[in-house]
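Work through the exercises below with the coordinates open. Try each task before reading its solution.

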Amino acid sequence: QVQVVESGGGLVQAGGSLRLSCAASGTTFGISTMGWYRQAPGQQRELVATIGRGGTTNYADSVKGRFTVSRDNAKNTVYLQMSSLKPEDTAVYFCYADLWIVSTMSRYWGQGTQVTVSS
């Protein structure tokens, strides 16, 4: 079992920055990919960024050049540095961690953290 807890959301003006953190605890030795999704009101959850254990990253086109995902494997923590924020970035941001045990992968989600960007 893995517990995932996000922090760092809040209210920011357009053009501003925020840094989200996500800490995984519990059975963490098998964690591979971690990442972030977001969900705006009335919309489906969408991928924001992912990062593999070795540091390989992937970003949604809408955030490339503005968001940076990083991780600290020793702390089982992933970060999302968000810059040049836009009102359309307003959403609940969810962190996840993929845990592999032998050949079975389970995805664990955090409870989400609200990011609101005012115009």
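**Exercise 1.** Which residues form a disulfide, and how far apart are their sulfur atoms?

*Solution.* The model is predicted: local features need pLDDT of at least 70, side-chain atom pairs count only at pLDDT 80 or more, and totals for chains, interfaces and linings use all residues. Residues are numbered from 1 along each chain as its sequence is written, and side-chain values use heavy atoms, leaving out hydrogens and water.

Step 1. Search the whole structure for a disulfide (a pair of cysteine sulfur atoms within 2.5 Å). The search returns 1.
Step 2. Read off the pair: C22 and C95, with sulfur atoms 1.9 Å apart.
Step 3. Take the S-S torsion of C22 and C95; it is about -80°, so the disulfide is left-handed.
Step 4. C22 sits in strand β3 (residues 18–26) and C95 in strand β9 (residues 91–101), so the pair ties together parts 73 residues apart in sequence. Strands are DSSP runs (E, at least two residues), numbered from the N terminus.

**Exercise 2.** Locate T77 and list its contacts.

*Solution.* Step 1. T77 lies in strand β8 (residues 77–82).
Step 1. T77 is buried, with a relative accessible area of 9%. Buried means under 20% relative accessible area (1.4 Å probe, protein chains only).
Step 2. Apply the contact cut-off (heavy atoms within 4.5 Å). Not counting residues up to four places away in sequence, T77 touches C22, A23, S70, R71 and D72.

Note on methods. Helices (H or I, at least four residues) and strands (E, at least two) are DSSP runs, numbered from the N terminus. Buried means under 20% relative accessible area, exposed over 50%, partly exposed in between (1.4 Å probe, protein chains only).
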